[in-house]
Amino acid sequence: MADNLQGRQSEGYAFISYSSKNAAEADSVRVMFKKNGIKMWMAPYDIPAGGKYAGEITRALKNCSCLVLLLTDAAQQSEWVDKEVERAIGYKKTIIPVQLEDLTLNDSFEYYLGNCQIIPVKTVNENSAEIQKVIRAVKTFVDKEEGEKPEEVKSGVKDPVAILIEGAKKSYGDEDYITAEELLRQALRLDNYNKEAYSLLQIVLSKRMRF
């Protein structure tokens, strides 16, 4: 039975966005996340009885730590997926695109994902390097919300740039330079003039050039 969203708002969780045509793959991701201790929100499992999809999805997007997009041609053609990604960007959520098949981005998704690192995955296999990369990236955001209280700005609202930078530092320490680069690019997307993010990105890029 799905958890109540209201009880989850103080916790970190990933919103899984997918086309109904890829329901089997989405279920596999859901099971894998649960096995790895990653809390998530995914329709229809987390839509309460009698709940309206539009309202529940909006609330879930507002409160999620990040959006995991299962990227396929069907997802690009889905009106629901398009709206979910657009709303997530509007709420300044990090998008983690997981590409499940060979495809060409259409105009909308090329716009949405222009600054995102797409992770190509041939199959949802927990032991693959690509899936491990996805798990690490998602945990960076979900675990942060569940752990210590993040840095706050003067208004008392969480500073997403500070969260991204801290996650990048952790990934860098773990020698996961790809994830570190993605997090820093996301930070600069929110704050183009953040000197710390820019300086760290140059260090990460120099490291990546050596490998």
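## Charged side chains in a predicted model

Lys169 is partly exposed, with a relative accessible area of 44%. This residue belongs to a predicted model. Its side chain forms a salt bridge with Glu196, where the closest N and O atoms are 2.8 Å apart. The pair links distant parts of the chain, since Lys169 sits in helix α7 (residues 160-173) and Glu196 in helix α9 (residues 195-209), 27 residues apart. Glu196 is partly exposed as well, at a relative accessible area of 39%.

The count of salt bridges comes to 8. The table lists some of them.

| Salt bridge | Closest N and O atoms |
|---|---|
| Lys169 and Glu196 | 2.8 Å |
| Asp174 and Lys170 | 3.3 Å |

Asp174 and Lys170 are both exposed. Glu181 and Arg185 both lie in helix α8 (residues 177-190), 4 residues apart, or about one turn of the helix. Glu181 counts as buried because its relative accessibility is 11%, under the 20% limit. Arg185 is partly exposed, with a relative accessible area of 36%.

Asp82, in helix α4 (residues 79-90), is buried but has no salt bridge. Arg87, the nearest side chain of opposite charge, is 7.2 Å away, and a salt bridge requires a nitrogen within 4 Å of a carboxyl oxygen. The side chain of Asp82 does make a polar contact of 3.0 Å with that of Tyr112.

On the surface, Glu25, Asp73, Glu101 and Asp102 gather in a patch of negative charge. Glu101 lies in the loop between β4 (94-99) and α5 (107-112) and is partly exposed, with a relative accessible area of 31%.

Note on methods. Residues numbered from 1 in each chain as written. Predicted model: local features only at pLDDT ≥ 70, side-chain atom pairs only at ≥ 80, totals over all residues. Heavy atoms only, no water. Patch = residues over 30% accessible without salt bridge, like charges linked within 9 Å, V, L, I, M, F, W, Y side chains within 5 Å. Areas by Shrake-Rupley, 256 points an atom, 1.4 Å probe, with all protein chains shown as cover. Lys, Arg positive; Asp, Glu negative; His and termini not counted. Charge placed at Lys NZ, Arg CZ, Asp CG, Glu CD. Helix = DSSP H or I, 4+ residues; strand = E, 2+ residues; numbered from the N terminus. Buried < 20%, exposed > 50% of the residue type's maximum accessible area, 1.4 Å probe, protein only. Polar contact = N/O pair within 3.5 Å; in protein donor to acceptor, adjacent residues only side chain to side chain.
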